[in-house]
Amino acid sequence: MSADISAPLAVRKSIVVAAPLERAFELFTDGVATWWPQATHSIHEDEVETVVLEPREGGRMYERTRSGEEAHWAFVRAWEPPHRLVLEWAVNPKNPPTEVEVRFSAAEDGTRVELTHTGWEAYGERAADGRAGYDTGWDRVLGRFAEALHSARTPE
């Protein structure tokens, strides 16, 4: 086994969205409730009313159910609009927190969004399994984000 298991375990995703940098960051953060796949990527699934991302360092990311119950997902560790967001990801309190960093940069066709999810080494023997679920899960999340940006641009 390699001495540095974090590098191969890191989940790295990158997409280019057809939107200006500021708009991409704004929708990803302030507009998260409009595109997050709540039915499949939440704690309470179809009971979720909204997802909230508090726009500041030290803020929280959480879901709220129709009955008003809140379920914690993350703490905001870095807030650098419109370029960078870092979350201490802890959806399951039984697991150690991991780190999700999302970077936004100008690209020829819009904005490049790069997501890196690290910290899996804290899971010990369960690291590869924990990482595997998020590797495919982040594809769905970023796909929904890109769809929301495209829908906002497309007149009906």
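Visitor: Which residue is the bridge partner of glutamate 99 in E7?

Guide: In E7, glutamate 99 has threonine 118 as its bridge partner. This is a predicted model, in which local features need pLDDT of at least 70 and side-chain atom pairs count only at pLDDT 80 or more, while totals for chains, interfaces and linings use all residues. Residues are numbered from 1 along each chain as its sequence is written, and side-chain values use heavy atoms, with hydrogens and water left out.

Visitor: What makes E6 and E7 a pair of strands?

Guide: A strand is a DSSP run of E with at least two residues, a helix is a run of H or I with at least four, and both are numbered from the N terminus. Two strands pair if DSSP finds at least two bridges between them. E6 and E7 are joined by nine bridges, so they meet the rule of at least two. They run antiparallel, and the hairpin that joins them passes through two residues.

Visitor: How do you know that E1 pairs with E7?

Guide: Seven bridges are found between strand E1 (residues 11-17) and strand E7 (residues 110-118), in the antiparallel sense. Valine 16, for instance, has arginine 112 in E7 as its bridge partner.

Visitor: What makes E4 a partner of E3, and what of E5?

Guide: Strand E3 (residues 60-65) pairs with strand E4 (residues 70-80) over five bridges, in the antiparallel sense. Arginine 60 has phenylalanine 75 in E4 as its bridge partner. Four residues lie between E3 and E4 in their hairpin, and glycine 68 in this turn has a positive phi of about 95 degrees. E4 is also joined to strand E5 (residues 84-89) by six bridges, again antiparallel, and valine 76 has leucine 87 in E5 as its bridge partner. E4 and E5 form a hairpin with three residues between them.

Visitor: What is found at proline 82, in the loop between E4 and E5?

Guide: A cis peptide bond joins proline 81 to proline 82, with omega about -5 degrees. Most peptide bonds are trans, and most residues other than glycine have a negative phi. Glutamate 45 has a positive phi, near 50 degrees. Glutamate 45 sits in the loop between H3 and strand E2 (48-53).

Visitor: Why is glutamate 45 called partly exposed?

Guide: Buried means under 20% relative accessible area, exposed means over 50%, and partly exposed is in between (1.4 Å probe, protein chains only). Glutamate 45 has a relative accessible area of 45%, so it is partly exposed. Glutamate 80, in strand E4, is partly exposed at 37%. Alanine 33, in helix H3, counts as partly exposed at 31%.

Visitor: How do you know what alanine 33 touches?

Guide: Contact means heavy atoms within 4.5 Å. Not counting residues up to four places away in sequence, alanine 33 touches Gln38, Thr50 and Val51.

Visitor: What makes a set of residues a nonpolar core?

Guide: A nonpolar core is a set of buried Ala, Val, Leu, Ile, Met, Phe, Trp, Tyr and Cys residues joined through side-chain atoms within 4.5 Å. The largest one has 37 residues, of which Trp35, Trp36, Met61, Leu87, Trp89 and Phe145 touch the most other members. H4 gives the most to this core, with seven residues.

Visitor: How do you know that a space is a cavity and not a pocket?

Guide: On a 1 Å grid over the protein atoms alone, a cavity is a set of points where a 1.4 Å probe fits but cannot get out, whereas a pocket is an open set with protein on both sides within 12 Å along at least five of seven lines; lining residues have an atom within 4 Å of a point. Points are joined across faces, edges and corners, and a volume is the space filled by probe spheres set on them. One cavity of 30 Å³ or more is counted, and the largest cavity holds about 60 Å³. The largest pocket has about 180 Å³.

Visitor: What makes a lining residue nonpolar, polar or charged?

Guide: Ala, Val, Leu, Ile, Met, Phe, Trp, Tyr, Cys and Pro count as nonpolar, Asp, Glu, Lys and Arg as charged, and the others, Gly among them, as polar. The lining of the largest cavity has eleven nonpolar, no polar and no charged residues, with E5 giving the most, three residues. The lining of the largest pocket has eight nonpolar, four polar and no charged residues, and helix H4 (residues 127-153) supplies the largest share, five residues.
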